[in-house]
Amino acid sequence: MAAGTFAEKGADLELVGITKTFPGFTAIRSLDLFIPAGSFFALLGPSGCGKTTTLRLVAGLEEPTAGRIVIGGRDVTSTKSFQRPVNTVFQSYALFPHMSVLENVAFGLRRRGIAAPLDKAHEALRLVELDHLAARRPGQLSGGQQQRVALARAVVNRPALLLLDEPLGALDLKLRRQMQLELKDIQTEVGLTFLHVTHDQEEAMTMADTIAVMNKGEIEQMGAPEELYELPRTAFVANFLGQSNLFTGEVVGSTPDALTVAVGGQRLVIPSQRAPRRTGTVTVGVRPEKLLLLTSEPDAGSVTASGTNTLGPGRVIDVSFSGVSTQYTISVPGVGDVIVFAQNMVFGPVVHVGAEVWVSWNVEHGFGLEDSPEEAAAGAAEAAAAAGADGDVATSALTTVRG
Amino acid sequence: MLLLPGILYLLLFFITPLISLVFTSFQQPVINGDIGQYSAGFQWQNYTDSVMQYLPLILRAFGYALLATVLALVVSYPLAYFIGVKVRGYPLVQSLLLTLVIAPFFISFLLRTLAWKQIMSDEGPLVVGLKALSLFPNDGHITGTPFAVIFGLTYNFIPFMTLPLYAVLERMDVRYIEAGNDLYASPFTTFRTITVPLSMPGIVSGTLLTFIPAAGDYINASGDFLGSAQTSMVGNAIESNFLVTQNYPVAAALSIVLMAVILIIVGFYVRRAGTEDLV
């Protein structure tokens, strides 16, 4: 890159067959990825999935074992970190403790011999609303403020590619929301390419144009947030990105439009174009908020005709109220546990533990997985392990798969 | 109240000998008395006389100490960086290398210096070898030269330089270095603008721990060890006045001058280095 000038616009990033092995394990397995210039791309995955390693490879802080890294059409695989037109917002901020906030922000500009570095640093600090603290040391700032300084320090360089390593992890919810919007604004305003690494699926969905879900060093699925959410291809994606009810059963009927699957003595129909596997044992799923809770048995005949699936009767075994919605866990004999998210249209839960209920959903909302039943069980287990805090829910999803 | 034992300790073991030293430095000889017999007095001339007489030794002491400190820093910094940063992932290697740095302490300081005297003596392997290779004049010596004295000082104080540097570098977050590289700083620039400033507390304590004792050292420069009359430092003058010629007032005055000069130098140095700014 020519000294003293900014990148005109964002550059695209291409990873070709990237593999990274550390002594004892493989962090990334033959990864291919193309990120178009000017996009906001999120790498989403649990800790240890290789997403941070991918970022460090792009930044030049690690060397790939195999493969090429191309930024803006230029192969940078063999170049050093300081020679790449890339800046990183580190998870730990890594603000230099011996310099003022202003000098921190001006650091990259000075190294590249950009004119009037201090003016530009002030400008970047104004963008993150911290110009009044320019003379302070990073140690005197709060976590959220340090976060914003780290962002300003990277953005001020107008890198062709900005790498964000879980940059909002340390912030409280309110500030995180605000920073998410600010980041998005900066990205659109400046037109840079953002590569954002996160384990927070909500953050990824809010901010990114494209999400790649990573698991065990490989990309499981890539696409727009809505696409990934509404049509997950694997059990891992189905349960890492939100939650899903998954059912495994034999295909008993197939037409060009619809696939019928027998699950625990009950029949479920999903649209054929939403099901990549159409024979043998398949895993199908539906999102919990798509389910409708019924307190009386629907008329079987009219159900199929109106294009809905029904499961039941089952018993409510858990009700948990979370303000906007209530989560019901229903045990359906022969099928397993089914989770339903219901909006709180009335005050409080509509049924209580022990009640006999049926669930139904529109056939259009079902999806089939590419996973074989074994892969689906493993993927659901991984997602459950990754979810951590949501352990209960994910475990019940796992039981559903096995049932 | 809790400070009381500490204050008493200081009064007893630091302030008392210091006061005694100050009194001694003003004493005058007893007229018609024995050698080494002095009485209380207020003889200012002790200071002016001793400084006039020993000025070259005072200057030499600070010159040698400065050179030894710089050399020790140049040797110790890469060493401490290697142990503290490069082999951070290998605790076993780290402990082994640290043990090697400390290992010389298991042998007496005097014995080690004498060993060097043997190695560098005119009949020793170094001189003989160099002469055999015609890299050294036939009438050349190593012992007794400023080179040998500065070498001895550097060698003897290297652990005092390495350990504080190691302590700082070992705790230094390498992510600062990564951030520097990420922000277009070449490895050298990163070292200059990030690593060195962040390790400043170690540099300051290491240089002080080397410079202060080196300036007052009288072993390395002594003719019995690596030095000769031409390499005498102020410490040698103090030693011979106290123990050989029994000129206690001059020795005491020289000690106080040495202490005062060190205090002034250290005071300026610490202020310049500005360690209080570092978090």
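Which residue forms a salt bridge with A:Arg56, the closest N and O atoms being 3.1 Å apart? The partner is A:Glu62. Please keep in mind as you explore that this is a predicted model.

## Salt bridges

Let us stay with A:Arg56 for a moment. Its side chain also meets that of B:Glu178 in a salt bridge, at 2.6 Å from N to O. A:Lys20 joins in as well: A:Lys20, A:Arg56, A:Glu62 and B:Glu178 are linked in a network of salt bridges. Over all chains, the count comes to 15 salt bridges. Here are some of them, with the N to O distance for each pair.

| Residue | Partner | N to O distance |
|---|---|---|
| A:Glu62 | A:Arg56 | 3.1 Å |
| B:Glu178 | A:Arg56 | 2.6 Å |
| A:Glu103 | A:Arg110 | 2.8 Å |
| A:Lys290 | A:Glu289 | 3.4 Å |

## Where the two chains meet

The contact between the chains draws 20 residues from chain B and 26 residues from chain A. Together they bury an area of about 2000 Å², and carbon and sulfur atoms give 65% of it. On the chain B side, B:Asp182, B:Leu183 and B:Tyr184 lose the most area to chain A, together 39% of what that side buries.

How many salt bridges does the rule find across the interface of chain B and chain A? There is one. The rule also finds six residue pairs in polar contact across this interface. Two helices of chain B, α7 (174-182) and α8 (187-198), each supply at least two residues of the side that touches chain A. The largest share of that side, seven residues, comes from α7(B).

B:Asn181 has a relative accessible area of 17%, and because buried means under 20%, B:Asn181 is buried. Leaving aside residues up to four places away in sequence, B:Asn181 touches A:Ser81 and A:Phe82 in chain A, and B:Ser186, B:Pro187 and B:Thr190 in chain B.

## A walk through chain B

Chain B has 11 helices and two strands. Starting from the N terminus, the order of its elements is α-β-β-α-α-α-α-α-α-α-α-α-α. Its C-alpha atoms fill a box of roughly 75 × 65 × 30 Å along the principal axes. Of the 279 residues of chain B, 41% count as buried. Among contacts in this chain between residues at least 6 apart in sequence, 66% join residues at least 24 apart.

At 1.5 Å a residue, its 12 residues (109-120) should span 16 Å, and the end C-alpha atoms are 17 Å apart, which agrees. Which residues of α4(B) are buried? They are B:Arg112, B:Thr113 and B:Met120. Seen down the helix axis, these buried residues fall within an arc of 100°, so they line one face of α4(B).

The buried residues of α4(B) pack against α5 (125-132) and α6 (146-171) of chain B. The face turned away from the buried side carries the exposed residues B:Leu111 and B:Gln118. At the N-terminal end, B:Ser108 caps α4(B), with a side-chain oxygen 3.0 Å from the backbone nitrogen of B:Leu110.

A:Phe236 lies in helix α8 (residues 235-240) of chain A. At 1% relative accessibility, A:Phe236 counts as buried. Not counting residues up to four places away in sequence, its contacts include A:Pro46, A:Val213, A:Leu241 and A:Asp371. The C-alpha atoms of A:Phe236 and A:Ala384 are separated by 8.6 Å, although the residues are 148 apart along the chain.

A:Ser30 sits in strand β2 (residues 25-35) of chain A. Its phi is near 35°, a positive value in a residue other than glycine. B:Gln246 also has a positive phi, near 55°. B:Gln246 is in the loop between α10 (234-244) and α11 (248-273) of chain B, and at 29% relative accessibility it counts as partly exposed.

Terms used:
Residues numbered from 1 in each chain as written. Chains lettered and ligands numbered in written order. Predicted model: local features only at pLDDT ≥ 70, side-chain atom pairs only at ≥ 80, totals over all residues. Heavy atoms only, no water. Helix = DSSP H or I, 4+ residues; strand = E, 2+ residues; numbered from the N terminus. Expected span 1.5 Å × (residues − 1). Buried < 20%, exposed > 50% of the residue type's maximum accessible area, 1.4 Å probe, protein only. Arc of directions from axis to C-beta. Contact = heavy atoms within 4.5 Å. Polar contact = N/O pair within 3.5 Å; in protein donor to acceptor, adjacent residues only side chain to side chain. Buried area = accessible area lost by both parts, 1.4 Å probe. Salt bridge = Lys/Arg side-chain N within 4 Å of Asp/Glu carboxyl O.
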